[in-house]
Amino acid sequence: MLIIKLKYHFLFYLIIFSCFTYAQNTVSGSIIDVKTNKEISGVDIFINNNNNPALTTTNGIFNVQSDSIIYKLKFLRKNYALQSIDIDSLNTKNLLVKLSPEKVSNIEEVVIHNEKPKYKNKKENPAYAIMQEVWKRKRNNGLDKFNTYSYKEYEKIQFDANNLDSTFMKKKIFNKLDFIFDYADSTASGKIGLPIFLNEAVYENYGKNKPEKRNKRLLVAQKTSGFQDNQIVTLTAKNLYRDINIYDNTLNYFDIGFPSPAGQTGFSTYDYNLIDTISIRGENAYKIRYQPKRTEVLAFQGYLYIDTDNYAVLGATLKSTKKINVNFINGISTELEYDNPDENTFLPKKFVTEIEMTPFSKKKTAKSILAKRSVDYSEYVFDKPLENKVFIRKEEEYDDKFVDRDDAYWVKARPDSLSKTEQGVYDMLDKLQQTPKFNRIVKLYETLGSGYYNITKGIDLGPIFSIYGKNEIEGDRIRIGARSYFTRNDPWRVQFYTAYGFKDHQVKYGAEGRFMFNRVNRFTIGGGNRRDIIQLGVQLTTDDGIMSRSFASSTIFARGENTSLSSVNQTNLFTSIEPWKNIQIRIDGTVQSIKSADPENFNLTYYQGNYLRKTVNDSHVTISLIARPGAKFSQTGIDRYEHGTLAPTIVLKYTRGLEGLFNADFNYNKLQFLFYKPVLIGSWGKTLINFEAGKNFNTVPLALQNVIPGNQSYSLVGNTFAQLNYYEFVADTYTTLHLEHHFNGKILSFIPLIKKLKLREIAFIRGAYGTLSDPSKAINVEGFKYSAPSEHIYYEYGFGFENIGFGNLRIFRIDFNWRGNYLDRPDISRFGVKVGFQVGF
């Protein structure tokens with residue numbers, strides 16, 4: 001009896017629910033002119049946010065039905081303004097819709113062209129008049145106007161192997177892997193596309209603008225096909241994309257600036273052509289085609305869809321030109337959709353970006369990876385009170401299982417169901433995970449990306465790129481290291497290395513352990529010890545990390561002899577915490593002894609009272625405040641992998657030397673500041689700004705002094721002075737500024753023949769100013785050798801070329817450096833060439 005009753009109860013509720021949903025799946029009514037009260041025919045009726053009309057009326061009466069719940073209807077007819085009505089269970093029958101005659105545009109006349117016309121000036125172009133209205137009414141993101149807001153964000157990232165053919169599929173590499181082609185799909189070109197990676201994520205976004213500005217983007221669900229534990233693949237996927245705003249003058253792709261077709265500077269880059277008026281989601285829109293005036297520049301081509309009534313951007317398509325000059329990229333295309341709740345604001349609706357990547361060829365037929373990201377924004381809620389606890393980070397949010405969801409959840413969470421090929425990705429990758437050959441391929445890729453080779457569960461060897469080095473003291477140097485590694489989110493890490501020099505026949509080592517207690521505030525402790533040969537003075541704002549290695553003590557090719565190396569025995573204990581997001585406070589306690597690694601050629605002897613000392617004993621405590629506003633990270637463990645952003649780095653450090661503690665020789669106080677920021681300068685490229693300043697308030701010997709960093713190697717090293725020798729300038733007080741601008745080929749694209757090389761030009765200037773007190777000179781036995789750039793600001797300047805290579809593999813860079821002053825010093829280099837790898841877009 002109980003089972004029978006339950007069945008009837010279920011049937012009863014099912015009938016009630018069906019009646020309710022049917023009521024909102026069917027809407028009927030009539031349409032009239034608001035002035036004449038006469039019925040209107042020929043009206044397009046759109047359901048919810050569909051772009052295609054569900055019905056075009058033949059008289060004034062309408063009845064529309066849908067398989068899903070109807071929550072909005074839009075009514076559109078030529079010469080009438082768009083009417084939008086929200087639907088609920090109370091207004092599904094006998095709905096009376098009143099349409100008003102369309103407003104007369106303040107653009108007096110619009111002439112539509114299907115072909116590219118020629119105008120004497122931009123003011124003759126009707127598209128210019130439309131774009132002027134867009135700029136005049138430039139909209140801001142609507143989230144900024146409400147006291148509080150929340151919305152849902154669904155993100156899908158998919159990688160497909162593109163342009164495959166039967167010959168490629170028969171290669172030996174696919175022996176025992178040929179089952180993957182059962183999941184392939186034919187493309188329009190007749191080639192084969194094979195899905196190889198799929199990542200879905202759902203975020204809940206919360207924000208508050210008053211009384212204080214706060215926001216939170218919470219990852220609530222994530223599903224990844226086969227690469228959950230491979231940080232390199234997942235990071236690559238996330239790192240390809242940036243947030244863009246079509247109204248900005250510059251759009252950020254790969255941290256490279258592209259001129260926006262809707263920006264106020266657009267007419268300097270693009271030709272515009274008004275070609276049609278169409279309906280976009282039930283709203284009349286101008287369709288404007290744009291294309292770059294010069295195909296060699298970094299720019300897009302495509303269409304803008306501008307509302308004919310209020311000049312809002314309803315949508316846009318952006319497609320790169322055939323001559324796009326970006327490493328590893330064959331093409332980019334983006335489709336944008338916006339909602340416009342009022343005349344001043346917009347809300348993102350849907351963004352879809354496709355990036356075609358290949359390491360070698362620019363040809364259309366080249367085998368490539370097609371990376372597609374789609375983001376749907378929905379469920380906007382405004383001015384609903386949000387408690388402060390919503391914005392508080394919680395421990396459970398950082399647990400790996402926090403984002404695990406079952407299949408039923410994903411069916412509801414997806415705006416659109418997965419295609420057959422997308423569904424197959426999960427099955428295919430599950431099978432591949434059980435194939436040893438595939439795992440070996442993934443392991444090779446991860447080794448090259450991370451620099452570590454996994455030898456067994458929990459142990460990685462590396463970094464593999466630091467195995468060999470060479471310097472004057474050690475001669476040929478071999479370094480072998482290892483680390484613990486179980487998962488990408490390990491809360492602890494142990495690392496060590498040992499090295500041997502074949503000239504000095506000495507064994508060196510370093511070891512460090514770190515443990516993170518809390519993933520929310522990243523409260524961490526750690527410590528370690530090392531005995532090694534190090535080149536001091538190649539960095540101003542240094543850290544006390546045990547595992548860091550100076551480039552200068554491992555240089556294979558360098559100008560002149562470098563014997564200014566130090567033998568360091570260092571022990572470090574530290575603790576750090578992030579009390580606020582991307583704001584870190586770190587405290588280091590360091591005990592070290594420093595002496596010259598080659599006393600005959602590099603003298604670190606100093607006076608202490610009436611005694612000469614060869615070894616500096618130092619104990620100090622350092623408090624560091626490190627801010628990275630806007631930085632984004634993928635993992636939550638002890639090691640995080642940062643996404644590419646234009647986030648600045650701000651560091652403020654105070655160091656206190658403690659005389660007598662563990663036989664330390666000096667009391668001293670040091671204050672240091674660092675600011676680094678990449679800045680996009682419109683279509684003219686990107687400027688890198690690095691400013692540092694510091695002061696030693698007490699007299700200390702050379703081993704503890706500030707050294708203006710030189711670079712005697714022939715390789716590129718950031719934030720060093722290319723034409724300075726090591727220890728050429730030493731300062732109690734210093735300021736340095738490095739400015740480096742990347743033009744992205746803007747200038748060279750005007751030069752015939754040269755532009756075919758697709759080189760990108762760089763210009764830079766560096767300066768340093770400082771002072772060194774007489775007591776600081778006198779404390780060192782050879783203090784007379786050292787001075788600061790106090791007479792004039794020392795400067796260097798030069799230019800370079802990047803993007804050197806072939807096809808899409810353009811990873812080489814060459815710089816030409818000139819020394820600007822202090823030219824009367826002995827053993828200086830007035831001009832130098834630096835070369836190196838620069839892997840990036």
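Buried here means under 20% relative accessible area, exposed means over 50%, and partly exposed is in between (1.4 Å probe, protein chains only). Keep in mind that this is a predicted model, where local features need pLDDT of at least 70, side-chain atom pairs count only at pLDDT 80 or more, and totals for chains, interfaces and linings use all residues. Residues are numbered from 1 along each chain as its sequence is written, and side-chain values use heavy atoms, with hydrogens and water left out.

You'll find 43 strands and eight helices to click through (DSSP runs numbered from the N terminus: H or I of at least four residues for helices, E of at least two for strands).

Next, select residues 126–136, which is helix H2. How many of its 11 residues are buried? Eight are, so to speak, mostly under cover. Colour Pro 126, Ala 127, Tyr 128, Ile 130, Met 131, Glu 133, Val 134 and Trp 135 to see the buried ones.

Now show what covers those buried H2 residues: strands E15 (270–280), E16 (283–292), E17 (300–307) and E18 (313–320) are among the covering elements. Contact means heavy atoms within 4.5 Å.

Then jump to Glu 396, in the loop between strand E21 (368–382) and helix H5 (407–413). Is this residue buried or partly exposed? Glu 396 is partly exposed, at 44% relative accessible area.
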